Amino acid sequence: MWQRPDPSGDFFLVLPVQDKHVLVAAVDVAGHRSKAAPSAIYLQGWLRGWIRGLAVSPQLGALAETFLSELKATGMDAAWFFAMLTLDHKTGSMGYQGLSHAFPAPLLIADGRTLEGTRETGPHDVQVPALSHDRVAPPWRLIAASDGLLERLGAGNQARGKQTLLRWQIGSARDEPPSSYLRTEIAPDDDEALMVVTWNGWDETLEFPVADDAQRHRVVRLVRERVKALLGNAQAVAVDEALPEALENVHKHAYGSDGPVIVRFRQEDQRFRVEVADRGRGTAVTEGGGLKVMRHWAGPVDIRRAYPSGTIVSFTFGAQKAGEIE
Amino acid sequence: MTGSDRPYEIQPPGDGVVVTFAEYVDHVRTPEHDSELDGLVESHQLVICDLSGSRKVTSDWLRFLLRLSVRAKRMGKRVAIVGMKENVKETSDMIGLGGGLDLYSSLEEARTM
């Protein structure tokens, strides 16, 4: 989450509900700074209390109705967005329901694609069914930004601000903290706040010195065997071709010698996702032979900056036929 | 099995020195490797790199083999690559080394050409 340090009527909450639900809430109380801040504090407490008082499975529609009643009873005015995430611990996927009231519709990005993140209601209409996705596979990220922030990003135009936000959140800088992208020293025109909820769902994360041949071989063998069991021998060969190139790039370009490399992977539906991260100089990938080989055998290669330093390279086996050039 | 301790073994010189590469040549290439193989090119008329057992050779090692080969040619010598598998050849072509390596199907062929 990122928010200006000034008192504000904006707040975000990410709260576990019972054993498999998570409530995501974004609320923007009408008014500015210290006039709106006490209402925001009250509503945070109200939401926590609503969750604690639940005796049955949470219903987003019921929350919306009760919340609106509370606003009416207290004379407060607020824009809000609620999402209920239902986690499937077995597959790592989630069910999603989103509903908003005058709050800018958030972005839901799953596996690099944008899904519709919410359904906006009219001012007095919360009976519209919430937008839902039954099964969103990791990696996904849910991004909610206040109107003030979108206006800032879009130079006064919220729609343009949303496009900027989308480009940032699917681009190579998406893992950097908002504070490195959003400068707080600029005087705010309005409340500005951003929340990013992400889930990567890795099956395993392995860290080792990249120059240690025995460890490199162990990890390549482990990934190959997993891929072979899921996708067959052709994709296992693709692992042998692509993964060592990624590791060698870390050795040669990120560190110039030895340094830690992190290999993460997870099994998806008939696909196998692998990510190779380093903490080096941020130049682990150049348009050279290694990247060509990775693309040839594993298909599209996603490259992004790591924080505070380094590069993250990821590719997916089974997304396309091994050896097929994108 | 993935990878040996060493990326290659040097066979005792007979009719041309033979460097037998491992099943997976994805090791870190060190200055010691470079000087050892450079030294072979310096001291032998023919260096045979046997890749017939190699399922994977990284682009870094392939580029180094090309460098050895070019160096040998400049000295009027030869580096012969034997038994390169199709997927390794595919990688070699992909990174633009296609025509630069002298490829042979067997040790005998490499010795007699």
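The dialogue below takes the chain first, then the helix.

Q: What kind of model is this, and how are its parts labelled?
A: This is a predicted model, where local features need pLDDT of at least 70, side-chain atom pairs count only at pLDDT 80 or more, and totals for chains, interfaces and linings use all residues. Residues are numbered from 1 along each chain as its sequence is written, and chains are lettered from A and ligands numbered from 1 in the order in which they are written.

Q: How many helices and strands does chain B have?
A: Helices (H or I, at least four residues) and strands (E, at least two) are DSSP runs, numbered from the N terminus. Chain B has four helices and seven strands. Their order from the N terminus is β-β-β-α-β-β-α-β-α-β-α.

Q: Which residues of helix α3 of chain B are buried?
A: A buried residue has 20 or more other C-beta atoms within 10 Å of its own; an exposed one has 12 or fewer; partly exposed lies in between, with C-beta atoms placed from the backbone. In α3 (residues 86-94), V88(B), T91(B), S92(B) and M94(B) are buried. They lie on the same side of α3(B), because their arc around the axis is only 165 degrees (the arc of directions from the helix axis to the C-beta atoms).

Q: Which exposed residues sit on the face turned away?
A: That face of α3(B) carries E86(B) and D93(B).

Q: What covers the buried residues of α3(B)?
A: The cover includes α7 (233-255) and α8 (289-298) of chain A. From chain B, it includes β5 (56-57) and α2 (59-74). Contact means C-beta atoms, placed from the backbone, within 7 Å.

Notes:
Two residues are in contact if their C-beta atoms, placed from the backbone, lie within 7 Å.
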